[in-house]
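I am opening a notebook on a structure that is new to me. These entries record what I looked up, in order.

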Amino acid sequence: MPLLIRIILPLLMLALAGCSSLQRKAAVPSQQMGQAQIAGLSGVRYLVASQSSIDQMAGDIQAGFKVRDEKTLNTPANYLSLSGGGDDGAYGAGLLIGWAERGDRPQFNLVTGISTGALIAPFAFMGKEYDPALREVYTKYGPRDIFIERGLVSGILSDGLSDTTPLFQLISKYIDQDFLRKVGNEYTSKNRWLLIGTTNLDAGVPVVWNMGKIASIGTPEALDLFRKIMLASASIPGAFSPVMFDFEVAGQSFHEMHVDGGAITQVFLYPSALSQRAQDLKLKLQKQRNAYIIRNARLDPEWRETERGTLSIIQRAISSMIQTQGIGDLYRIYHTTQLDGVGFNLAFIGSDFKFPHKSEFDTSYMQALFEYGYKQGLGGKEWQKYPPGYRRGFDEEVPKK
């Protein structure tokens, strides 16, 4: 059964029949969200719609700056954004590994990830040493390594149609204490940033987690949180169970329910308001900055005759909205990069990739898509300089800083 149908059918059944929800702690009240912290792990996330969080992020960047000499300022800064896309993440994994084997993949100053991009991001952040692990994740494992189907009735009575314990175990296999220590060291000694996005479903807002800061804390609780954030970012609402995080406010305990970051945005770079705050703080940034955005999806519209039926129509509409949202995110990122004088480079799955996609997390499909991305990276990918459908020359009308 297609993934969207598996999500939609129980929702319709619930609307008709109704059922009692699972027990949970109260959600963090909206007026106290800014004060909520995880015990022993405070200040590790940003509510990007909040000015106070933008100030906090800018302050964390400033705190990480060492001596900014001319040599540093003249060294290009490179940013990598990895989008959602489910098993289409095999494309981004292949592209990155081929790029590394070509020999000119840079060390990224900033890596961001959403959904499947959140599973790729820590490996991409750590560099070529972890390419074998990244290859394994996107070519070796299948559905049984990602989720366990609960069955329709059990899924309806639970908080997701599938149990993602296998995915958490897979994440835990690669993200161990040694990996955490290395990520933390990159953050504290080099001011390199790894950010992962989730969706706070209670508040309906995006949350960006500073994974390097979490890693630098180094406790067993930090390792568990690191893994849970990766799981949460990849937890498709309805299909997979959400991840519950324990927060405290003024001595009271609350729950936050987090799901796939793609519920809000398919890909992100950094908040546009951050640039102004950096200017206010007079932070010296590298003179040349390049952003590489990997959209783990096709951007050309997929023609498909739609059956005249409720579920078929809903499925088609939702898939179209997700694709359109992803394109809108690319326009938003492009606008930010042009205002900030950052080079824009985009890669995505082309219309020339024709391998059949029989089921979600189909290993054969993922292996073929990985090879497709790998050949692009190895051959010297020609990155697109504009979002799809963008009118060239318009950016000349946008003032540059």
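I start with a term: two strands pair if DSSP finds at least two bridges between them. Helices (H or I, at least four residues) and strands (E, at least two) are DSSP runs, numbered from the N terminus.

**Ground rules.** I am reading a predicted model, where local features need pLDDT of at least 70 and side-chain atom pairs count only at pLDDT 80 or more, while totals for chains, interfaces and linings use all residues. Residues are numbered from 1 along each chain as its sequence is written, and side-chain values use heavy atoms, with hydrogens and water left out.

**Confidence.** I checked pLDDT, the predictor's confidence in each residue, from 0 to 100. The protein averages 89, and 92% of the residues score at least 70. Residues 393–401 fall below 50. Beyond near neighbours in sequence, that stretch still has 17 contacts in the model (contact means heavy atoms within 4.5 Å).

**Strand 2.** I asked which strands pair with strand 2. Strand 2 (residues 77–82) pairs with strand 3 (residues 110–114) in the parallel sense, over four bridges. Here Leu-80 stands opposite Val-111. From strand 2 the chain crosses through helix 4 (residues 89–102) to strand 3, and this β-α-β crossover is right-handed. That means that, with the strands pointing away from the viewer, the path from the first strand over the helix to the second runs clockwise. Strand 2 also pairs with strand 10 (residues 289–298), parallel again, over six bridges. There Leu-80 stands opposite Tyr-292.

Are the faces of strand 2 buried or exposed? Buried means under 20% relative accessible area, exposed over 50%, partly exposed in between (1.4 Å probe, protein chains only). Ala-77, Tyr-79 and Ser-81 on one side are buried, and so are Asn-78, Leu-80 and Leu-82 on the other.

**Strand 11.** I followed strand 10 onward. It pairs with strand 11 in the parallel sense over seven bridges. Ala-291 has Phe-344 as its bridge partner in strand 11. The chain gets from strand 10 to strand 11 through helix 13 (residues 310–340), in a right-handed β-α-β crossover. Five of the seven residues of strand 11 are buried, so it is largely enclosed by the rest of the structure.

**Helix 4.** Twelve of the 14 residues of helix 4 are buried, so the rest of the structure largely encloses it. Among the buried ones are Tyr-91, Leu-95 and Trp-99. What covers them? The cover of its buried residues includes strand 2, helix 5, helix 6 (131–139), strand 10, strand 11 (343–349) and helix 14. Just after helix 4, Gly-103 takes a positive phi of about 105 degrees.

**Gln-376.** Gln-376 counts as buried because its relative accessibility is 17%. Leaving aside neighbours within four places in sequence, Gln-376 is in contact with Tyr-91, Leu-95 and Lys-381.

**Helix 5.** In helix 5 (residues 116–126), eleven of its eleven residues are buried. Gly-127, just after it, takes a positive phi of about 95 degrees.

**Cores.** A nonpolar core is a set of buried Ala, Val, Leu, Ile, Met, Phe, Trp, Tyr and Cys residues joined through side-chain atoms within 4.5 Å. The largest has 78 residues, and Trp-209 and Phe-226 touch the most other members. Beyond four places in sequence, the contacts of Phe-226 include Pro-122, Ile-175 and Met-211. A second, separate core of 31 residues includes Tyr-79, Tyr-187, Leu-274 and Val-342.
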